[in-house]
Amino acid sequence: TKRKLWGGRFTGTTDPLLFEYNESLSYDKRMHAQDIRGSQAYARALVKCNILTESEKDEIVAGLDKVGQEWKDGTFKIQPDDEDIHTANERRLKELIGPVAGKLHTGRSRNDQVATDMRLWLMDEALAIEIFLKELVQVMVARAREEVDALMPGYTHLQRAQPIRWSHLLLSHATYFAADLARLRSFIPRISVLPLGSGPLAGNPFEGMDRDAIAKDLGFQTVGTNSMNSVSDRDFVVEFLMWASLTAIHLSKIAEDFIIYSSAEFGFIQLSDAYTTGSSIMPQKKNPDSLELLRGKSGRIFGQMSGFMMSLKGIPSTYNKDLQEDKEPMFDAVDTIRNSLQIATGVISTLSIFPEKMKAALTTDMLATDLAEYLVRKGIPFRETHHISGSAVRLSEEKKCQLSDLSLADLQGLSDKFEDDVMKVWSFEESVGRRNAKGGTSRRAVLEQCDTLKRELDL
Ligand code: ARG
């Protein structure tokens with residue numbers, strides 16, 4: 001135990017399984033760069049408290065640079081007693097620069113240190129994720145513009161409902177992702193709150209400790225306002241997990257749409273070879289594994305979220321070791337959502353559409369609403385026209401013909417307001433063109449959506 005940083009009051013040794021159970025270095029080493037940055041900023045702060053001289057600070061900062069370089073080069077040697085990234089870095093610093101390393105942790109605790117490292121790490125990742133999310137929306141908007149004229153059936157209850165533009169469907173999903181982007185941006189300030197300088201729980205005792213300067217040094221927007229809160233607050237992790245869960249729902253939904261549309265029964269789209277796999281027995285298969293994993297991985301993210309929330313509930317105030325369970329869910333959710341966003345961008349940017357197949361799936365019964373609206377324009381209340389159009393659908397079913405094959409006489413048998421011009425109702429182009437109010441599926445309204453989304457990306 002002598003080699004442990006906290007070994008002073010111990011005489012016995014740690015049970016080997018407890019050591020393994022307790023260690024976090026195997027995964028928190030991912031935060032090595034953030035741990036070094038935090039320590040360097042703290043060393044600079046200790047100068048103002050007269051705990052370190054300028055030259056001691058310089059030694060510590062340079063020593064930490066070396067430790068950081070070892071991590072980057074892959075030459076950092078983990079020792080059997082290294083418990084977490086904080087103790088490992090400090091142990092190595094002491095080996096490199098000697099006893100002066102022992103001054104670094106003055107007034108600091110691993111409690112304010114770990115919370116600082118995690119927030120720094122997540123801020124870095126959130127910025128990377130923001131870029132991937134922007135790329136996804138960009139790709140969708142670009143496709144929507146390019147393929148603005150392809151028409152397809154729109155579904156409710158997965159039953160044919162009304163004709164829409166393919167681009168309109170694409171943008172319906174892009175709109176979810178744009179909201180995810182706005183939500184991500186809006187909670188970055190809540191990650192960016194500095195815990196360092198809180199000590200283990202009660203605050204930092206050294207005069208001259210300038211926490212605002214540390215925040216500035218490390219790029220935090222604000223300083224934690226209560227030290228007990230600062231060392232235990234993991235809401236930023238929860239909020240990230242919630243954000244990732246909701247984003248994963250959106251990825252799962254578009255995946256489900258595209259799995260359906262790429263089946264032979266629909267045949268509206270085909271995934272590129274890069275995002276499909278074959279079957280080990282059925283030579284003809286081209287399976288949309290990429291989409292199925294996008295759908296499946298969402299479950300994993302929800303699991304991380306609910307698992308960590310259960311760990312958090314009922315912990316007494318300030319730091320308790322339960323909090324160490326914050327890292328793996330955060331790391332895993334970050335990795336999963338990062339990969340998912342990139343896979344989604346890849347799938348969507350490389351798939352092919354079959355506009356002829358989409359068009360061929362349009363049937364004129366999907367214009368029954370338009371037929372009712374035709375009569376509305378002739379002055380009949382909609383509730384009546386809905387009924388008349390419904391009767392027309394029933395008649396076409398009886399006659400085993402398409403709704404548009406009913407003769408003018410057939411229609412006039414249902415309402416004397418039907419005239420020659422009713423034949424114009426049977427155009428899918430006209431139908432989507434009429435849906436021209438903001439947010440609709442007309443060409444103009446879809447292109448307007450593209451512009452709006454582009455503007456949101458650049459905010
Ligand atoms: N590895 C620990 C964690 O991740 C660091 C904080 C340890 N603090 C303590 N008081 N034991 O939570």
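How far apart are the end C-alpha atoms over residues 8-303? Select that stretch: the end C-alpha atoms are 40 Å apart, and the chain there is 61% helix and 6% strand. Helices (H or I, at least four residues) and strands (E, at least two) are DSSP runs, numbered from the N terminus. UniProt, in an unreviewed entry, labels residues 8-303 "domain: Fumarate lyase N-terminal". UniProt positions follow the numbering used here, feature names are shortened, and annotations may be inferred rather than shown by experiment.

Before going on, note that this is a predicted model: local features need pLDDT of at least 70, side-chain atom pairs count only at pLDDT 80 or more, and totals for chains, interfaces and linings use all residues. Residues are numbered from 1 along each chain as its sequence is written.

Next, colour the domains. They are domain 1 (7-103), domain 2 (110-201 + 222-360) and domain 3 (364-426); the bounds come from an automatic or database domain assignment. The C-alpha centres of domain 1 and domain 3 lie 78 Å apart.

Now select the ligand. Around it sit S24, D28, D84, R110, N111, V114, Y319, L323 and Q324, each with its C-beta atom, placed from the backbone, within 6 Å of it. Domain 1 and domain 2 both give residues to this shell, so the ligand lies between them. Helix α6 (residues 110-146) gives the largest share, three residues.

Move on to helix α7 (residues 166-191) and helix α10 (residues 235-261). They pack at an angle of about 170°, with axes 10 Å apart. Axes are lines fitted to C-alpha atoms, for helices over the stretch in contact, and angles run from 0 to 180 degrees between N-to-C directions. The two helices, α7 and α10, are therefore roughly antiparallel (an angle over 145 degrees).

Last stop: residues 366-432. The unreviewed UniProt entry calls them "domain: Argininosuccinate lyase C-terminal". This span is 55% helix and 0% strand, and its end C-alpha atoms lie 11 Å apart.

Technical notes: Angles under 35 degrees count as roughly parallel, over 145 as roughly antiparallel, 65 to 115 as roughly perpendicular and the rest as oblique.
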